[in-house]
Amino acid sequence: MRRHVLRDEPQAMSIRDATSDDFPAILQLNAASVHFLSPLDAARLRHLHAQAAYHRVVDTQGAVSAFLLAFREGADYDSPNYLWFGGHFPAFLYIDRVVVAGAARGRGLGIQLYEDLFAFALAQDVTRVACEFDLQPPNPVSAKFHARHGFREVGTQRLGAGSKQVSLQLRELGAAAPESGMIGT
């Protein structure tokens, strides 16, 4: 099991691979942020976990306080956003969802998960990281976070009979991300 102790945090907090024991906590975190994410039940989570190239959690003294789920191209995944990237790029790592518990927000866990994901991607010789965030309804926190970490819009699409619009984002690894302080990832 890969384990990475978070910087500037006590030893009791680390990033590690998700296991099925984490699924109840992951489902709770997803439900708390479902207004920005698609719904997730236990069967769907088991399927996504099996397809994921990267599924890690932030473990805080034995409790899951954040998670990130990402897929390589060619996964058995029917998300319209993932499928869009599959139709436009031959190789990529797609961030499907990242959630930080309300009580843990503002502590840099999302940043550290992204840094861990970027290192994972580079170790796999993947130079494109893809994701999306909502334009309608707007998600300005996600827009600012992704801009700060070097993502740029490569497309948009409407979902849910046109009621939702997303910005399709891409980060090319290997270049410094504006304002992030990260160099070479």
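Predicted model: local features only at pLDDT ≥ 70, side-chain atom pairs only at ≥ 80, totals over all residues.
Colleague: How much space lies in the largest pocket?
Modeller: About 1,100 Å³, taken as the space filled by probe spheres on grid points joined across faces, edges and corners. A pocket here is an open set of points on a 1 Å grid over the protein atoms alone, where a 1.4 Å probe fits, with protein on both sides within 12 Å along at least five of seven lines; lining residues have an atom within 4 Å of a point.

Colleague: Switching to rings: how many aromatic pairs?
Modeller: The whole structure has 15, with ring centres within 6.5 Å (planes under 30 degrees apart are stacked, over 60 edge-to-face, the rest tilted). Tyr-54 and Phe-120 are edge-to-face because their planes are at 65°, with centres 5.4 Å apart.

Colleague: How far apart in the chain are those two?
Modeller: Tyr-54 and Phe-120 are 66 residues apart.

Colleague: Tyr-54: buried or exposed?
Modeller: Tyr-54 is buried, at 1% relative accessible area, and Phe-120 is buried at 13% (buried is under 20%, 1.4 Å probe, protein chains only).

Colleague: What about Trp-84 and Phe-89?
Modeller: Their centres are 6.4 Å apart and their planes at 55°, so that pair is tilted. Both are buried. They also belong to one aromatic cluster with Phe-71, Tyr-77, Tyr-82, Phe-85, Phe-92 and Tyr-94.

Definitions and conventions
Residues numbered from 1 in each chain as written. Heavy atoms only, no water. Phe/Tyr/Trp six-rings, centres within 6.5 Å; stacked < 30°, edge-to-face > 60°. Helix = DSSP H or I, 4+ residues; strand = E, 2+ residues; numbered from the N terminus. Buried < 20%, exposed > 50% of the residue type's maximum accessible area, 1.4 Å probe, protein only.
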